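Reader: Hi! I'm new to reading protein structures. Could you walk me through a few spots in this one?

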Amino acid sequence: MSRISAPRRRRSSSALTPLAALLLLPVAVPPAADAQDRDIRVTVSEGTNMAAAVSPDGSRMVLDLQGTLWVMDARGGEARAITDMYYDARQPQWAPDGSRIVFQSFRDGNWHIWSIGADGSDPVQHTFGPYDEREPTYAPDGAAIAFSSDRSGNYDIWTLDLSDGPGDGRVRRVTDAPGHEFTPHWSPDGGALAYATDRNGGSIVVRRSDGSGQVVAETPGAVSPAWSPDGSRIAYAAVTQGQTGLYVAELDAGPDTAPRRLSGDDADVFPFRPHWMSGDEVVYTSDGVVRTTAVDGGGSSVIPFEATFAFTRRDYERTPRSFEAGGPEPVQGIVAPAVSPDGRHIAFTALGDLWLLDTGSDTDSGDATPRQLTDDPFVDVLPSWSRDGSRLAYASDRAGSLDIWIRDMDTGAERRATTSPGSEIAPVFSPDGDRMVFTSVMGLASAVQMVDLASGDVRTIRDDLFAPSRPSFSPDGTTIAMSVLSQYSTRFREGRNEILLQPLDGGDPRRVTAAEHRNMGVRVLDGPVWSPDGRRMAYGSEGVLWMVEVDDTGAPSGPPLRLNNHHTDAISWTGDSRSIVYQSTRGLRRYHLDDGRSEEIPVQIEWRRPAREGSVLVHAARVWDGVSDDVTENVDLIVEGNRISSVVPHSDANHEAGAANGGEVVDAGDHTVLPGLVDMHSHMGYGMGEALGRTFLAYGVTTIRDPTSDPYEIAERRESIDSGRRIGPREFATGRTMDGNRIYYSGAGSLGPNGNLELELDRADHMGYSLIKTYVRLPDLIQRRIIDFAHSIGIPVSSHEIYPAVAHGADHVEHISGTSRRGYSPKVTAMYRTYDDVIQLLTASGMTITPTMALMGGWWKSVGEDPSWTTEPRFQALFPEGMAEAMAARAAARGRAGGIDDMLADAGRTVTRVVRGGGRVVAGTDSPIIPFGAALVAEVENYVWGGLTEAEALRTATSVAASALAMEGEIGTLTGGALADMLIVEGNPLDDISDLRRARIVIKDGEVFRLEDLLEPPGALVP
């Protein structure tokens, strides 16, 4: 049966468009001819992490439900939206005269202070620029706004003077302590500010106009103080993971008088400012509703509300994927190309091996067909040349771990340069060739190290950097330059990439920037790369190539110069410092500094998907087809090539026929056969080398979805596995996240204030992404443009966002509890509880959610309760040395954390509510934060522990996942015509979900893998 992917329409890249212009441009993507609209209307009476504020006269209330402001009668009733869905409007507060509402908004890509008329008219933006401003509140006379901002490098309290008009106010800093101060509130007489600080784990502080201060309360997670009308008391929330509360403190109480807790022990109080309705009554949000409580005794009551979300989702046609034999096809997975010092050769990785391309000289055009340097099933990556071109360093797992190897380019002799248990990557020779700097990665931690190549001695340069870029040496070899994360404050993790100049003799490091508030590409291979003559640095930023003149120390000495309009990655200089070789979406290119020419470097290398020959017959005592609620007994599954040809009752004749035709017969005995599992959220990489593919298969995972990865590594993995060079699961993947002007992870792509949206979308199309992932700092208007584009080429979009993503047609949302730009999640509270707004938006829309309960603590619960997760042969054989012990220690520590089981139970109830409500839940892990393969099995078990039946839980990793990938009938089910992906386990997971751990045989694409074989690396390891 032939399955041919429809060709995608290609788009040429265009000049970068400023973000401000992008926000205003209409989406120019026409709907498909067969697109159908689905009008969805959802009325909710609960909100997840919503704030509420009561008007000064007590008659009205404003809510910030799912980033939209809603106004209603203060006694309750129907709420009316006064902002559109693009503001991400949060934490509203009324003006003293009730005419306006001030709030924080992410509309332009940073948090800024806005206000709007109480009727929804006259929106005004009050603050601007690259900083985040949050948590505003009006002064009692309405002449100023207090807010928190990271302008100083910490979060401090600032005020905005409105006396000269809303848009021209003056900003003044109020606090300057070394910690963070936030959520300010003015005293009734305007003579003092109360605010929260993270000092001592959480405190409420009063600062008076004369500069004096007072610590009112010390409570873990204290936040959002609110003065009583007479100024004698302060109510506040306290929110830590698993423990929340509402408190009131007396200002005149002695130091030994503890604040009184107003909420119940199990209350789910939201982290927002309460409001005093009177001297004895406080309004606050908790447990999904608005509550009012008497401060001096008496119970609480609920103020009911209803809010209606109405939006339209458009169906679209998904571009199919082909898994049939075919080819040849041109290789797209060219990874980390590096030009030789003489400019005549480029080394790179493709199909798992190292290749060498002869680019020729000025009189010789070279050869577009590269020469293969290595030829084995291991992973050989990240090549780097010595300055004289005689040696090539690279990372390889041929000795069982990812180590640095050095190849003599004249003789072909190779030697291993490092032997530590971590994954050692990104080697760089010193100018004299005597030393090498590299990055050692263990889990999520990384260290920059240096090895003396004569003695083998290794010295750590830095171990406190989060995933820096590949280092680059100064010409004299005394300093290395790297791109590192620079946070605007430590209150929130996102920041920008800038240059770190690190002396190797123990001198003081310096952070410098080529362009203020601009990201320096991704922290992988996008630079900075020092020119060999030391005069310049080249780097990628917002997708394109830049160069900046530097002084003798490496600090920029002039403005940066943009060199091209092509997507730029993997930057390397020729030894004469006159040209730069880089990777673009459509191949390799060279930029000539002398005349500004940018030329293509042709590469001709192909791969093909081989046909799977022969037949396999699987006789199973029990078969679960991926859909039903129970198993079918005594069944034969007949496989021809890579597909199931039929599923029939067992017959000895089937066995005889299969054996007579030379087919393989797999007798599953008293075992159960299930569809191969699908991990819908796993981040691949090279850290485990070729063992990564064996690890997934050993746990029964035959398909994965990678929602963030390097685009060229994606293609390399897909081509290596599909061509048979390595074994592993088939992969549906995207490239880097599409994020805003602040980022966190090393591979995150920043669209930035000048934007490279068109280049990113062009690459998604040309490289054949399976999906696009938008990340947390991306404005909602830009997310909408990306969704419309992705759907026009037939691929889905995923994000961490729930609304307005669901209204735009987003296909997936990742994590119940995941990173949010707000500092709190709109999907789940600190108690791991989710309310009616999120449940209804998910179930009514059909947008899938990947809960990652194992990431929320479920994996540690599983390991803590049953240590065999990490002591069994699979884990011991496949994962790095020492990992099992580290996992056991962390699981034991987690077991001592109070309340985590109750929190996970609440998360499980959310999963169950979505599934039982008709929503779509798919299983995923966010590995490698938790272990590849094993964590998916734990995730499915967590769902059962949380309330799903075994069949419901298993469907999240089989047939429902297949539907989310638009692969119904291809994977996730055991039916005639489906791809032959099977997991054979001892026992019956439909009766006892823990039997899912007991994998014995895995079949992927008709190829049979027995567990004992998967635990052994291919071939003899090099000593």
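Reader: Which residues of α9 meet α13?
Author: On the α9 side they are M856, G857, G858 and K861, and in α13 they meet I900, D901, L904 and A907. Keep in mind that this is a predicted model.

Reader: How many of the residues in that contact are nonpolar, polar or charged?
Author: The contact of α9 with α13 has four nonpolar residues, two polar and two charged.

Reader: Switching topic: what about A844, where does it lie?
Author: A844 lies in helix α8, which covers residues 836-845. Its relative accessibility is 34%, so A844 counts as partly exposed.

Reader: And what is A844 in contact with, leaving aside its neighbours within four places in sequence?
Author: Those contacts of A844 are R38, I40 and V42.

Reader: Nice! Now the sheet: what is the order of its four strands?
Author: The open sheet runs β15-β16-β17-β18, and the pairing is antiparallel. Its edge strands are β15 (181-186) and β18 (213-218), each pairing on one side only. On average, neighbouring strands are turned by 25° against each other, direction ignored.

Reader: How many bridges join β15 to β16?
Author: Four bridges join these antiparallel strands, with β16 spanning residues 192-197. One example is W186, whose bridge partner in β16 is L193.

How values were computed
Residues are numbered from 1 along each chain as its sequence is written. This is a predicted model: local features need pLDDT of at least 70, side-chain atom pairs count only at pLDDT 80 or more; totals for chains, interfaces and linings use all residues. Side-chain values use heavy atoms; hydrogens and water are left out. Contact means heavy atoms within 4.5 Å. Helices (H or I, at least four residues) and strands (E, at least two) are DSSP runs, numbered from the N terminus. Ala, Val, Leu, Ile, Met, Phe, Trp, Tyr, Cys and Pro count as nonpolar, Asp, Glu, Lys and Arg as charged, and the others, Gly among them, as polar. Buried means under 20% relative accessible area, exposed over 50%, partly exposed in between (1.4 Å probe, protein chains only). Two strands pair if DSSP finds at least two bridges between them. Axes are lines fitted to C-alpha atoms, for helices over the stretch in contact, and angles run from 0 to 180 degrees between N-to-C directions.
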